[in-house]
Amino acid sequence: MKTEKLSKIVLGLSLFFVTSLGLAQDKMMKEDTKMVGGAAMYPSKNIVENAVNSKDHTTLVAAVKAAGLVEALQSDGPFTVFAPTNAAFEKLPDGTVSTLLKPENKEQLQTILKYHVVSGNWKAKAIAKLIEDGDGKAIVKTLSGSTLTIWSKGGDVYVTDENGNSGKVTIADVNQSNGVIHVIDNVLLPKS
């Protein structure tokens, strides 16, 4: 009798876990994802959980790890990240990335990475409104304390650093559980 009752409990728990797993997988399949770097970006995952799956952002992920910013970008936020691709990092002078990844340059790397992050969840529509309200440009303060200028031309949105270098938004509104990512084609650098 006890064995039969125990078997029913185990069977019931097994069905519960299988059903729960199926529902979780079903939910992920129904999410409004965007493809970035060959991987689906899930709005239910945080910035770091998604970024590690993008083949186009391995350099950025390595930099975030070296800078000790993983935990910060996994927090509630919300954050808006202008995320440079690997190709963007390759545009930097030879040796720049490897130099920045050294432990002795951690503070400088943190400053550069925080320069790509704005507090808040600024989707493309809200950014377009900021640009419109600013007569063609919006100046936003980054987590590094410096500013970026956002503007548009011919339907494309650009982000310009304090040195006059611009990056074009190539993929907008990659929604995250703790904010949004806009993929850009250039690394932005604060004035030194």
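Thr 147 is found in strand 6, which spans residues 147-153, and the description that follows rests on a predicted model. With a relative accessible area of 32%, Thr 147 is partly exposed. Once residues up to four places away in sequence are set aside, Thr 147 touches Tyr 115, Ile 139, Val 140, Lys 141 and Glu 162. The C-alpha atoms of Thr 147 and Asp 161 are separated by 7.2 Å, although these two residues are 14 apart along the chain.

Ile 131 has its place in helix 8, and its relative accessible area of 6% makes it buried. Leaving aside neighbours within four places in sequence, Ile 131 is in contact with Gly 136, Lys 137, Ala 138, Ile 150, Trp 151 and Ser 152. The C-alpha atoms of Ile 131 and Thr 149, which are 18 residues apart along the chain, are separated by 9.3 Å.

Trp 151 is partly exposed, at a relative accessible area of 24%, whereas Tyr 158, with 18% relative accessibility, counts as buried.

**Helix 3 and its surroundings**

Two packed helices are described by the angle between their axes and the distance between the axes. For helix 3 (residues 58-66) and helix 7 (residues 106-114), the axes come within 9 Å and cross at roughly 125 degrees. Helix 3 and helix 7 are therefore oblique to each other, and their crossing is left-handed. In this contact, Leu 60, Ala 63, Val 64 and Ala 66 of helix 3 meet Lys 106, Leu 109 and Leu 113 of helix 7. The residues of the contact divide into six nonpolar, no polar and one charged.

The buried residues of helix 3 are Thr 59, Leu 60, Val 61, Ala 63 and Val 64. These buried residues pack against helix 7 and also against helix 2 (47-51), helix 4 (70-74), strand 3 (79-84), helix 5 (86-90) and helix 6 (96-100). Just after helix 3, Gly 68 takes a positive phi of about 70 degrees.

**Loops and backbone geometry**

Neighbours within four places in sequence aside, Thr 85 is in contact with Asp 56, His 57, Val 183 and Ile 184.

Asp 135 is found in the loop between helix 8 (124-133) and strand 5 (137-141), while Asp 173 is found in strand 8 (residues 166-176). Asp 135 is exposed, with a relative accessible area of 76%, whereas Asp 173, at 21% relative accessibility, counts as partly exposed.

The table collects relative accessible areas for residues discussed above.

| Residue | Relative accessible area | Class |
|---|---|---|
| Ile 131 | 6% | buried |
| Tyr 158 | 18% | buried |
| Asp 173 | 21% | partly exposed |
| Trp 151 | 24% | partly exposed |
| Thr 147 | 32% | partly exposed |
| Asp 135 | 76% | exposed |

Because buried means under 20% relative accessible area, Tyr 158 at 18% counts as buried, and Asp 173 at 21% counts as partly exposed.

**The chain as a whole**

The protein chain holds eight helices and nine strands. Of its 192 residues, 35% are buried. Among contacts in the protein chain between residues at least 6 apart in sequence, 58% join residues at least 24 apart.

Notes. Residues numbered from 1 in each chain as written. Predicted model: local features only at pLDDT ≥ 70, side-chain atom pairs only at ≥ 80, totals over all residues. Heavy atoms only, no water. Helix = DSSP H or I, 4+ residues; strand = E, 2+ residues; numbered from the N terminus. Buried < 20%, exposed > 50% of the residue type's maximum accessible area, 1.4 Å probe, protein only. Contact = heavy atoms within 4.5 Å. Axes fitted to C-alpha atoms, helices over the stretch in contact; angles between N-to-C directions. Parallel < 35°, antiparallel > 145°, perpendicular 65-115°, else oblique. Left-handed = near helix turned anticlockwise from the far one by under 90°. Nonpolar A, V, L, I, M, F, W, Y, C, P; charged D, E, K, R; others polar.
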